[in-house]
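I opened this model to look up a few things and wrote down each one as I went. The entries start with one residue and its surroundings.

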Amino acid sequence: MSYLLLGIENPLLDISSVVKPELLAKYNLKSNDAILADEAHKGVFEDLVRDYKVMYIAGGAAQNTCRGAQWLLPKNSTVYLGCVGKDENAEILRQAAKKDGLNTLYLEDPELPTGKCAVLITGTHRSMVTDLLAANAYKIEHLERPEVWATVEASKNFYIGGYFLTVSPPSAMKIAKHAAATGKNLTMNLSAPFIPQFFKEPLNELIHYADVVFGNEAEALAWAQANGHAETDVPSIALKIAALPKATSKPRLVVLTQGAHPTCVAFEGKTTLFPIIPIAVEKIKDTNGAGDAFCGGFLSQFVQGASVPQSVAAGHYVAHVVIQRDGPSYPSEPHGFKFEQ
């Protein structure tokens with residue numbers, strides 16, 4: 001089957017619920033935080049499922065983005081790769097992705113459980129506890145399987161989350177080189193400040209092949225600092241990334257979100273600022289996943305050959321919808337996006 005968009009990164013089963021403060025206290029968790037689980041936190045997942053009504057979401061940043069893109073795309077336009085366990089949570093994850101129309105080609109690790117993220121909601125705060133487990137174990141051998149590589153060859157655009165560079169840079173580069181050799185679009189995300197800080201070499205190697213680079217202001221600043229640039233303003237950093245040497249002759253597009261401030265786009269030596277959709281603070285439920293949602297909306301138009309303004313508008317639309325919902329979840333009803341010049 002041919003897909004408009006193939007994504008790859010680290011799949012996580014998000015297990016989300018409104019909880020009592022006592023659950024946070026039991027595991028010494030802050031109300032507004034994101035941590036990696038250690039031994040002391042392992043029981044929180046069991047407590048959450050046993051004691052609360054939970055919502056399951058097919059999580060992990062790039063999987064969020066692919067689900068967001070699929071919401072605005074024709075049926076069966078997206079597929080996602082990553083590593084899960086051979087367990088019940090993998091099946092729940094598969095079904096959660098399927099519910100949003102996202103096809104999955106997971107590598108199943110027989111020894112490690114499926115990665116998961118407990119999302120503990122108290123009021124407007126979110127405390128996230130992540131146990132990566134199998135999500136950290138993707139191997140290039142899966143990508144090279146004939147049926148998987150055939151899917152790569154049949155896909156027209158690619159999205160690689162920066163977190164994937166902590167797991168399998170060779171897999172990312174294999175896709176990047178295929179995109180360059182075939183004239184397809186490679187899109188990617190800086191993902192988090194620690195990626196340019198601690199994974200600078202694989203990140204810059206991937207940027208060399210990227211046609212579109214996404215990020216936010218904090219990630220852009222981290223990239224500039226890690227690469228010895230003095231610039232601290234987002235437009236200047238966007239131009240720096242856009243002007244880096246590139247594997248193909250297509251100019252690189254850089255798209256940097258800035259929360260409530262306008263989105264900055266750099267292309268062919270110029271920057272443009274696109275204001276977001278205004279929203280009253282009291283309408284915002286959860287900004288977790290807003291960046292992923294923006295990328296999904298943007299890519300839904302970009303992979304269909306739409307203009308940059310239309311792609312940005314779709315990104316803003318999807319992010320605007322998602323921040324009014326719990327977690328990085330998308331409505332089951334059809335979208336209402338319309339682009340007006």
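**Entry 1: one residue and its contacts**

I looked up what Asp326 touches, leaving out residues up to four places away in sequence, and found Met55, Ile57, Arg126, Lys285 and Asp286. Contact here means heavy atoms within 4.5 Å. Asp326 is found in the segment after H13. Helices (H or I, at least four residues) and strands (E, at least two) are DSSP runs, numbered from the N terminus. I then checked the exposure of Asp326, which is partly exposed with a relative accessible area of 30%. For the terms, buried means under 20% relative accessible area, exposed over 50%, and partly exposed in between (1.4 Å probe, protein chains only). I also took a distance: Asp326 and Pro235 are 91 residues apart in sequence and 31 Å apart in space, C-alpha to C-alpha.

**Entry 2: what kind of model this is**

I noted that this is a predicted model, in which local features need pLDDT of at least 70 and side-chain atom pairs count only at pLDDT 80 or more, while totals for chains, interfaces and linings use all residues. Residues are numbered from 1 along each chain as its sequence is written, and side-chain values use heavy atoms, with hydrogens and water left out.

**Entry 3: the whole chain**

I counted elements next: the protein chain has 13 helices and 14 strands. Its radius of gyration is 19 Å, close to the 20 Å that the globule rule gives for 341 residues, so the chain is as compact as a globular protein of that length. The radius is taken over C-alpha atoms, and the rule is 2.2 Å times the number of residues to the power 0.38. Along the principal axes, the C-alpha atoms fill a box of roughly 55 × 50 × 45 Å. Of the 341 residues, 54% are buried. I looked at contacts between residues at least 6 apart in sequence, and 72% of these join residues at least 24 apart. The chain exposes about 14700 Å², of which carbon and sulfur atoms supply 54%. Accessible areas come from the Shrake-Rupley method with a 1.4 Å probe, and for residues only the protein chains shown count as cover.

**Entry 4**

Which strands pair with S1 in the parallel sense? One is S5 (residues 78–85), over four bridges, and another is S9 (residues 157–160), over three bridges. Two strands pair if DSSP finds at least two bridges between them. Gly7 has Tyr80 as its bridge partner in S5 and Tyr159 as its bridge partner in S9.

S5 has eight of its eight residues buried, so it is largely enclosed by the rest of the structure. Thr78, Tyr80, Gly82 and Val84 lie on one side of S5, with Val79, Leu81, Cys83 and Gly85 on the other. S5 also pairs with S6 (residues 103–109) in the parallel sense, over seven bridges. Gly85 stands opposite Asp109 in S6.

**Entry 5: aromatic rings**

How many aromatic pairs does the structure hold? I found 11. Rings of Phe, Tyr and Trp (its six-membered ring) pair if their centres lie within 6.5 Å; planes under 30 degrees apart count as stacked, over 60 as edge-to-face and the rest as tilted. Phe214 and Phe298 form an edge-to-face pair, 5.2 Å centre to centre with 85 degrees between the planes. The pair links distant parts of the chain, with Phe214 in strand S11 (residues 212–216) and Phe298 in helix H12 (residues 290–302), 84 residues apart. Phe214 is buried at 1% relative accessible area, and Phe298 is buried at 0%.

Tyr317 lies in helix H13 (residues 308–322) and Phe337 in the segment after H13, so the pair ties together parts 20 residues apart in sequence. Tyr317 and Phe337 are both buried. I also noted one aromatic cluster formed by Tyr159, Phe214, Phe294, Phe298 and Phe302.
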